[in-house]
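Open the model in your viewer and keep the selection panel at hand. This tour goes stop by stop.

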Amino acid sequence: MRTALFCVILLVLAGGLLLMATDLSFGHPLRSDMDDYFIRHGQYQTGVNNIVTSIVFDFRGFDTLGEATVLFTAVLGVGLMFRKLHSGEEYEND
Amino acid sequence: MKMTKIVRTTADAFYPFCLVFGLYVVTHGHLTPGGGFQGGAVMATGTALLIVSRSYREITGRLRQTMLKLCEAFGLMLFLLAGLQSLANARPFLGNWLTQTGGFVGSVVSYGPNPGSLDTGGLVPLLNVGVGLEVFGGLTLIILCMLSGIKEDRP
């Protein structure tokens, strides 16, 4: 009984959220100063034809360095996790 | 655990094409959709295909873990050093000091829609290559490490 009630409430909430989301106008942000700046000056300032890449690797290059570091740390973690398994006699690689 | 001959042959046939397409996505990152992350993931898909079709013992002869580790570390170091190099040229960290100078990867681009040239973008193609190397090495290393944890029945 309680589970059914919970499900109904969840359904109503999800439906309401979906209804509210359809009212939002897509593609018309309130403030578009930043976007306009990137679109107008991105190619001229960075010399890159791909605006997305010019933002990711030039205007927000430090953020990309962080992403690359996250991947590096993830690989480090996986390597640590499987370290014991192939340090034994069976899987001695290279 | 070894797949059938059909799977192994198909993986062998697809492997170079995956690498070449990934390399294309990486090097054209500043002109077409894609970039270091996406291209590196495509290249890692090629090696993943090779890895899942073979046993761990068989694959370590072709893909050495030290090579992949070197690849990954070199990619990240390339990124960092390119960023530090712009400090030496009196620009902010990761400031694009190579672009539009007329030198290496510094051709002047014409404003507006144009097909573009590989020789533009300054620091961006170098960073793309660095990130591509890092993602390729990293993802392949993750798959290889996880494969090493699987218990295989001895042939």
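What share of the 94 residues in chain A is buried? Buried residues make up 24% of chain A. Here buried means under 20% relative accessible area, exposed means over 50%, and partly exposed lies in between (1.4 Å probe, protein chains only).

Before going further, note that this is a predicted model: local features need pLDDT of at least 70, side-chain atom pairs count only at pLDDT 80 or more, and totals for chains, interfaces and linings use all residues. Residues are numbered from 1 along each chain as its sequence is written, chains are lettered from A and ligands numbered from 1 in the order in which they are written, and side-chain values use heavy atoms, with hydrogens and water left out.

**Stop 1: chain A**

Chain A has four helices and zero strands. From the N terminus on, its elements run α-α-α-α. Helices (H or I, at least four residues) and strands (E, at least two) are DSSP runs, numbered from the N terminus.

Now pick D33(A) and R31(A). Their side chains meet in a salt bridge, 2.8 Å from N to O. The term stands for a side-chain nitrogen of Lys or Arg within 4 Å of a carboxyl oxygen of Asp or Glu. Side chains of opposite charge can pair when their charged atoms come close. Colour the two by accessibility. R31(A) is exposed, because its relative accessible area is 64%. D33(A) counts as partly exposed, at 47%.

**Stop 2: where the chains meet**

Select F37(B), L76(B) and Y111(B). In chain B, these lose the most area to chain A, together 15% of what that side buries.

Next, look for polar pairs. The interface of chain B and chain A holds 14 residue pairs in polar contact, with both residues at pLDDT 80 or more. A polar contact is a pair of N or O atoms within 3.5 Å; within protein, one must be able to donate a hydrogen and the other to accept it, and residues adjacent in sequence count only if both atoms are side-chain atoms. Salt bridges across this interface number zero.

**Stop 3: a charged network in chain B**

The whole structure has four salt bridges over all chains. Zoom in on R54(B). Is R54(B) buried or exposed? R54(B) counts as buried, because its relative accessibility is 9%.

D12(B) forms a salt bridge with R54(B), the closest N and O atoms being 2.9 Å apart. This pair links distant parts of the chain: D12(B) sits in helix α1 of chain B and R54(B) in the loop between α2 and α3, 42 residues apart. D12(B) is partly exposed, at 31%.

The side chains of E58(B) and R54(B) meet in a salt bridge at 3.3 Å, N to O. E58(B) is partly exposed, at 30%. Finish with R62(B): salt bridges that share partners join D12(B), R54(B), E58(B) and R62(B) into one network.

**Stop 4: T60(B)**

Select T60(B), in the loop between α3 and α4 of chain B. T60(B) is buried, with a relative accessible area of 13%. Its side chain reaches the backbone oxygen of R57(B) at 3.1 Å.

**Stop 5: V20(B)**

End on helix α1 (residues 5-27) of chain B, where V20(B) is found. V20(B) counts as exposed, at 58%. Draw a line from V20(B) to G46(B): their C-alpha atoms are separated by 9.6 Å, though the two are 26 residues apart along the chain.

Definitions and conventions: Buried area is the accessible area (1.4 Å probe) that two parts lose on being put together, summed over both.
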